[in-house]
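Q: I would like a close look at one part of this model. Please keep the answer plain and connected.

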Amino acid sequence: MKLRILLILIVLALAAGVAYRIQHQDAGDARKGGGDRVLGVKTVPVAVRNFPRVIDLPGTLEAAHQVAIVAQVGGTVLRQHVQEGDAVRAGQMLFSLDSRPAQARMAQSQAALNGARAETTEAEQKLQRLGPLMQSGYISRQEFDDARLALEAARARAGTARAELEEAQLDAHYAQIRAPIAGRVGRISVRAGSLAQPGGEPLTTILAPGALDVRASVAQQDWPELAAARALGKVTAEVFHESDRALRAQGELVFVDAQIDAATGAVPIKLRLAGPPPALLSGQSVRVRLLLGVEPDARVVPEAALQHAQEGTYVYVVRDGKAVVQAVTLKRSLDGQHVVEGELRAGEPVLIEIPQRLKAGSKVKPEGARR
């Protein structure tokens, strides 16, 4: 019984001590902040400056001048004169196809042409002999007309044989596949012994040295801004590596399609790079930044200051020592900086770290500006 009474007294003493400590702490907080705790916050001032207007896009590099080498006649590849990656000059031999079928047709057509020419000569001589005889009445008009028709038929056969000969000669010429431009040989899809089909898969590609283009597409919602920039003058661009975002090259917009691509809902564009470095290759994926101008006197806040809610976007602004919720409208973003519209003044401190206990109207004390 005595032990139970002792335990009860100990519990009552502990409860009284806890209650005293809580009352003492609350009184101290009230003396410090007038009943409201002051929260230390990190802020940055609202910047008012010119802000770049840009459009960021994914793009793909391609050679500004490249030619797909396609066989114009069919035949077996007898010899491959170049290797992948070789530098070639215009007119240099690339592949030799089997031209023996074309040469056989050349011989056949030449023989037919010789025979047609002989017939033509004989028909001409006969017509010349029959002319005076018809005028003298020794032969009928029908005989003379038949001789003239024979001459015309012989000339027609000679013309057909001549066309067949030229066609065979052209096929023999096409069997020697040459580089149409100077450049570097791309991937070769055939080897000696392969059968090349006319108009089929390209045998290889010749990439001209120097300029590179970037193919990209501008979304419909961004098109009006790009069109307005084009109306003011040339549009330049910056090209970044896909992985490290390092600036690789600069270029200029040189082509805009006249219609929206129905499959993607975007407008295809092309940019020409100025002096691209060796690190950029045709077929490589890059990031493109179109430079459309600047927006003057823009209100700029860092990404960390922008808060989102169902009602919209807002920031916490320090006014009269309190955190005030200020609604803003996001206009554009670039590299972690946001242009906003709202009742913000230049230099006003906005919070970039939001304490968990912060509420609208809480008393705050900036710990220092950070740019």
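Which residues have the most contacts inside the largest nonpolar core, and how many residues does that core have?

A: The model is predicted. Its largest nonpolar core has 24 residues, and Leu226, Ile269 and Leu290 have the most contacts inside it. Several elements each supply at least two residues of this core: helix 4 (223-232), together with strand 2 (47-63), strand 11 (212-219), strand 12 (236-241), strand 13 (247-256), strand 14 (266-274) and strand 15 (285-302). As a general point, nonpolar side chains in soluble globular proteins tend to be buried together.

The structure holds 1 aromatic pair. Tyr314 and Tyr316 form this pair, which is edge-to-face, with 5.7 Å centre to centre and 85° between the planes. Tyr314 counts as buried because its relative accessible area is 19%, under the 20% cut-off. Tyr316 is buried as well, at 9%.

There is also an open sheet of 4 strands in the order 7-6-4-9, with antiparallel pairing. Strand 7 (176-178) and strand 9 (195-196) each have a single partner strand, so one side of each has no neighbour in the sheet. Strand 9 pairs with strand 4 (residues 75-80) over 2 bridges, and Ala196 in strand 9 is the bridge partner of Gly75.

Technical notes:
Residues are numbered from 1 along each chain as its sequence is written. This is a predicted model: local features need pLDDT of at least 70, side-chain atom pairs count only at pLDDT 80 or more; totals for chains, interfaces and linings use all residues. Side-chain values use heavy atoms; hydrogens and water are left out. Rings of Phe, Tyr and Trp (its six-membered ring) pair if their centres lie within 6.5 Å; planes under 30 degrees apart count as stacked, over 60 as edge-to-face and the rest as tilted. Buried means under 20% relative accessible area, exposed over 50%, partly exposed in between (1.4 Å probe, protein chains only). A nonpolar core is a set of buried Ala, Val, Leu, Ile, Met, Phe, Trp, Tyr and Cys residues joined through side-chain atoms within 4.5 Å. Two strands pair if DSSP finds at least two bridges between them.
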